[in-house]
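Please read the following points alongside the model.

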Amino acid sequence: MQSLSLSMSLRSSSLVNFLLLGSETRVRSRRSVIVACASEGDSGSSSTSSFLSRTQTYALLKQQLQVAAKSEDYKEAARIRDSLKLFEDEEPVLRLRRLLKEAVAEERFQDAASYRDELNKIAPHSLLKCCSDATTLGIRVQVRSVYIEGRSQPSKGLYFFAYRIRITNNSEHPVQLLRRHWIITDANGRTENVWGIGVVGEQPLILPGNSFEYSSACPLNTPNGRMEGDYEMIHVERVGSQSFNVAIAPFSLCLLGDDEGCII
């Protein structure tokens, strides 16, 4: 993989202190939640560091390919394209994912368990998909995230992710979304809690059988991470009713994310 080595100087800074849509208040949590590395000793930390470095390299190569193509340097673009193909063929996480899917499809479940265990050692977050789906008291929340290459700057340690959310009211009562709460964790284990009123400037009323959809975004200073959280809602037809929390199940923010089957 020496041919893929790039000179990088990425700051170990905190998460970029804003989401692009909506007004939010952030409070840094003292709790350290490790996304890409459970506390398993030096070998686990080394594997995670190696994966993070490879992912950063991949992001830089993709950025360089985009620049070469725009400048019509087709010879350089072809060279970088070949490097990307080599990377994708040899990258351990991508290779293990392919082997895992093949093993499951062929019902070789012992092999599948082995591949899954190996993935869990070198990149636990990679087992988390780029989508999630959870239902609380009849309120279903579906999420899908995607890496936005054009707005990312990997050479400066900025990785931009967008996500789309559909909230469906499968209950018998109209509900209103009052507040949101996000927990955002980067690949270094740094966690931020984000609270805000409503979503994208609205506090939508969702009638039974109806849905509300919106898109937002999250920049990270690592090429992978995760998000999860909850919405505070209320049953609007019940006078004096108490609000309740609706879960947003965890989903990954990952340049090498697995979005197979993620349709909302």
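The numbered points below take these topics in turn, and the coordinates they rest on are those of a predicted model.

1. Cysteines. A search of the whole structure returns 0 disulfides. For Cys 254 the closest cysteine sulfur belongs to Cys 130, at 6.2 Å, which is too far for a bond, given that a disulfide requires the two sulfur atoms to lie within 2.5 Å. Cys 130 is buried, with a relative accessible area of 5%, and Cys 254 is likewise buried, with a relative accessible area of 5%.

2. Nonpolar core. The largest nonpolar core comprises 50 residues, and those with the most contacts inside it are Ile 165, Ile 167, Trp 182, Tyr 231 and Met 233. Strand E10, which spans residues 244-254, supplies the largest share of this core, namely 6 residues. Because domain 1 (51-120) and domain 2 (129-252) both contribute residues to this core, it lies between them.

3. Surroundings of Ile 167. Once its neighbours within four places in sequence are set aside, Ile 167 is in contact with residues that include Ile 139, Val 141, Leu 177, Ile 206, Phe 212, Tyr 231 and Met 233. Its contacts also include Arg 140, Asn 210, Ser 211 and Tyr 214.

4. Annotated region. In an unreviewed entry, UniProt places the feature "domain: UVR" at residues 55-90 and 90-125. Over residues 55-90 the chain in this model is 92% helix and 0% strand, with the end C-alpha atoms 12 Å apart.

Notes:
Residues numbered from 1 in each chain as written. Predicted model: local features only at pLDDT ≥ 70, side-chain atom pairs only at ≥ 80, totals over all residues. Heavy atoms only, no water. Buried < 20%, exposed > 50% of the residue type's maximum accessible area, 1.4 Å probe, protein only. Core = buried A, V, L, I, M, F, W, Y, C linked by side-chain atoms within 4.5 Å. Helix = DSSP H or I, 4+ residues; strand = E, 2+ residues; numbered from the N terminus. Domains from an automatic or database assignment. Contact = heavy atoms within 4.5 Å. UniProt positions renumbered as here; feature names shortened; annotations may be inferred.
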